[in-house]
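Let me put the model up, and then I'll talk you through it.

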Amino acid sequence: VQLVVFGGGLVQPGGSLRLSCAASGSFSRINSMSWFRQAPGNGRELVAGIFSSGITNYAESVKGRFTISRDNAKDAVYLQMNSLKLEDTAVYFCTAQVRGLVYWGQGTLVTVSS
């Protein structure tokens, strides 16, 4: 399973960004897809996750601001990030769980700065 991440960049506080992640390879079904992030000097943290059923979960710090969505037909996951804060600055990664294994995409840098 290969995951390619699109999006990221520089945005001002209060702005919005949309991340996309597309999976490819040989697999029958992706169970869950998630977004993680890692800020400088910190460990990776779960930002949001979504199951194939559409059930979602979010970190408390992003609830109400970020929205995760998924296109099962395209094996893609998206993260709409609104009302971005300085503390959202991090490298963002997407993951896909297939048959109990978790695959990681390359990270994309999101910088929130004025």
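Some housekeeping before that. This is a predicted model, so local features need pLDDT of at least 70 and side-chain atom pairs count only at pLDDT 80 or more, while totals for chains, interfaces and linings use all residues. Residues are numbered from 1 along each chain as its sequence is written, and side-chain values use heavy atoms, with hydrogens and water left out.

How many helices and strands does the protein have? Zero helices and 11 strands. Along its principal axes, the C-alpha trace spans about 45 × 25 × 20 Å.

Now, what's inside and what's outside? Buried residues make up 40% of the 114. Buried here is under 20% relative accessible area, exposed is over 50%, and partly exposed is in between, with a 1.4 Å probe and protein chains only. The accessible surface comes to about 5900 Å², and 51% of that belongs to carbon and sulfur atoms. Those areas come from the Shrake-Rupley method with a 1.4 Å probe; for residues, only the protein chains shown count as cover. As for contacts, meaning heavy atoms within 4.5 Å, take the ones with a separation of 6 or more: residues 24 or more positions apart account for 50% of them.

On to charges. There are 10 positive and 6 negative side chains, and the centres of the two sets lie 5 Å apart. Lys and Arg count as positive, Asp and Glu as negative, and His and the chain ends are not counted. Each charge is placed at NZ of Lys, CZ of Arg, CG of Asp or CD of Glu.

Side chains of opposite charge can pair when their charged atoms come close. How many salt bridges does the structure hold? Four, where a salt bridge is a side-chain nitrogen of Lys or Arg within 4 Å of a carboxyl oxygen of Asp or Glu. One of them joins Lys-63 and Glu-60, at 2.7 Å from N to O. Lys-63 is partly exposed at 45%, and Glu-60 is exposed at 62%.

Another is Arg-37 with Glu-45, where the closest N and O atoms are 2.6 Å apart. Arg-37 is buried, with a relative accessible area of 6%, whereas Glu-45 is partly exposed at 34%.

Then there's Arg-65 with Asp-88, at 2.7 Å from N to O. This pair links distant parts of the chain, 23 residues apart: Arg-65 is in the loop between strand 6 (56–58) and strand 7, and Asp-88 is in the loop between strand 8 and strand 9. Arg-65 is buried at 10%, and Asp-88 is buried at 1%. Salt bridges that share partners join Arg-37, Glu-45, Arg-65 and Asp-88 into one network.

Let's look at some backbone angles. Most residues other than glycine have a negative phi. Asp-75 isn't a glycine, yet its phi is positive, about 50 degrees. You'll find Asp-75 in the loop between strand 7 (66–71) and strand 8 (76–81), partly exposed at 24%. Ser-83 also has a positive phi of about 50 degrees without being a glycine. Ser-83 sits in the loop between strand 8 and strand 9 (90–98) and is partly exposed at 40%.

Is Leu-84 buried or exposed? Buried, at 2%, in the loop between strand 8 and strand 9. Leaving out residues up to four places away in sequence, Leu-84 touches several others, among them Val-11, Pro-13, Leu-17, Arg-65, Phe-66 and Val-112. Val-4 lies in strand 1 (residues 2–6) and is partly exposed at 36%.

Methods: Helix = DSSP H or I, 4+ residues; strand = E, 2+ residues; numbered from the N terminus.
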